[in-house]
Amino acid sequence: MTDSPATPAPNKVTLYRNGSVYTAADPFASAMLVDGDTVAWVGSEQAATSIADSSMEVIDLHGALLAPGFVDSHVHLTETGIALDSLQLGEVRSARELLDAVAGFCGSAATAGDTVLGHGWDETQWPDSTLPSREELERAAGGRKVYLSRVDVHSALVSSSLAVSAGVDGIEGAGAGSQVTRAAHTAARLAARRLPAAAIRGYQQLALAEAAANGYVALAEMAAPHIGSVEDLQLAAAWNSGPDAVPEILPYWGELARSAEHARSTLDGLGVSVLGLGGDLNLDGSIGSRTAALRADYSDAPGERGSLYLSVAEAAAHLAACSLLGVQAGFHVIGDAGLDAALDALDQAAAEVGEQKVRAAGHRFEHVELADAAAISRLAKYAVTVSAQPGFDAAWGGGGSLYQQRLGSRSGGMNPFASFYAAGVPICFGSDSPVTPLRPWASVRACLQHHNPAEQISARAAFLGHTRAGWRAARYRNPMAGQLVPGAPASFAVWEVEELMVQVADGRVQSWSTDPRARTPLLPALDTGSEPVCLQTVRDGRELYSGGSLRG
């Protein structure tokens, strides 16, 4: 990250030219003028030549793409920083490899007394899915406490000493083995995350730097009591008013409200302004940990249907309370039975406070992975925004995948992006980092290459879902955010790309064209085998990241 002044210089004017500008104002634009924190002009190279003068900083794009900055609509800032700085377990393929990784990490990186933190193991990728025991983890760590989150962060492996200190035994979700889910996982995670403010801030800074280097200008922080403390939320929100040039934090707090008075008291007691009481307010769990609530049994675990963490009555009271206050509410909901409960709660809330108040509050549901046509229609009725994660499909969709293992033929209906769009359900996209990485173009590609061809969407729809839709889903104060037109915030990223293309009118993912007569702004071709490279990220005129080559 580069050093920046606390506020942009009032007279600073920068002209970007000789590239491709993604703007609805002009599909052929190759230049953009930034005045302070605002886009002042977009247009042609010829016009840029006529307006350039010595008072401006002129940046030659050398053919690069300048596009609206990405918005990640679902992240966990501190958890992302921890995952970036802790034991990486995504590549292990057995219990023995995992134990060896713990032992190696403790020998080289940890100090006595530290809790060993790790992330990313996925037993569905192992030939033998047997997990290590608590005692084996304890020995591998040399007696240190161990907390290793599964890739979905809905369960974890814990050592004997951490299990004791967290008091997990006897709590729902704790068995004799090392894996903990539900309430036992919450207890273990909170015990492992007893960190001083300086450490939390350091982890958040790591996550923000990672986001800025990948073209993100805003992150929706999904804080909740079962994830971290109110102090964690406060530290995250404080980045918005601090001197550092970082992506904007769009903060949410996932705490259940029993009434409008209770909701107001909760909001007032946070010590920081949030955009809603939602995000990871869990109505159910995850497919990977078999805690997402399903209508029928898991295919690989007869008799198991996951868990509902809230009753319909509790969810309805929360929605009604927030609707009365005009505050966004929402839930983490993944399974079809979980979605049924959320939709029934919407019906009850509407019966109590009126459908118009429910619609006007702009509620949002996170994930909504397993939804049929009837459920999607009900979401549209209440104007609920779906905040989805395309990386989930890329990681776990398709033949032989986690979804197919857990759900069988039902896996084809997961993450129905095209069906949401067709029904008029507002949709925005995020990573759920650290569950999937902060790689926005990979996420866009996942929309184009959805494992179910019927649910693939166009590059333009995917890009808008990762940019402008993220601001809209957060009910952002500036309606022009997420586009590069005169008067809009100067929040964008510059990308080195191999090839720029547009999709032709039939909207099929495979149908690409370089014909400018399509009159659609150009986007990177994402089938070249390499990702676009971020050269610069700017938010409100302030540089968050520079790859160093633009001014070289």
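Biologist: In this predicted model, how far is the sulfur of Cys 447 from the closest cysteine sulfur?

Modeller: The closest cysteine sulfur is the one in Cys 428. A disulfide would need the two sulfur atoms to lie within 2.5 Å, and the sulfur of Cys 447 is too far from that of Cys 428 for a bond because the distance between them is 11 Å.

Biologist: Which residue holds the cysteine sulfur nearest to that of Cys 534?

Modeller: Cys 534 takes part in no disulfide, since its nearest cysteine sulfur is 19 Å away, whereas a bond is counted within 2.5 Å. That nearest sulfur belongs to Cys 447.

Biologist: How many disulfides does the count come to?

Modeller: A disulfide is a covalent bond between the sulfur atoms of two cysteines, and the rule asks for a pair of sulfurs within 2.5 Å. When that rule is applied to this model, the number of disulfides comes to zero.

Biologist: Is Cys 447 buried or exposed?

Modeller: Cys 447 belongs to helix α17, which spans residues 440-448 and is mostly covered, with eight of its nine residues buried. Among the covered residues of α17 are also Trp 441 and Leu 448. The relative accessibility of Cys 447 is 0%, and because buried means under 20%, Cys 447 counts as buried.

Biologist: How many residues apart are Glu 123 and Arg 150, which form a salt bridge?

Modeller: The closest N and O atoms of Glu 123 and Arg 150 are 3.0 Å apart, which meets the limit of 4 Å for a salt bridge. The pair links distant parts of the chain, for Glu 123 sits in the loop between β9 and α4, while Arg 150 sits in strand β10, and the separation is 27 residues.

Biologist: Where does Arg 182, the salt-bridge partner of Glu 172, lie?

Modeller: The closest N and O atoms of Glu 172 and Arg 182 are 2.9 Å apart. Glu 172 lies in the loop between α5 and β12, so the pair ties together parts that are ten residues apart in sequence. At 22% relative accessibility Arg 182 counts as partly exposed, and Arg 182 lies in helix α6.

Notes. Residues numbered from 1 in each chain as written. Predicted model: local features only at pLDDT ≥ 70, side-chain atom pairs only at ≥ 80, totals over all residues. Heavy atoms only, no water. Buried < 20%, exposed > 50% of the residue type's maximum accessible area, 1.4 Å probe, protein only. Helix = DSSP H or I, 4+ residues; strand = E, 2+ residues; numbered from the N terminus. Salt bridge = Lys/Arg side-chain N within 4 Å of Asp/Glu carboxyl O.
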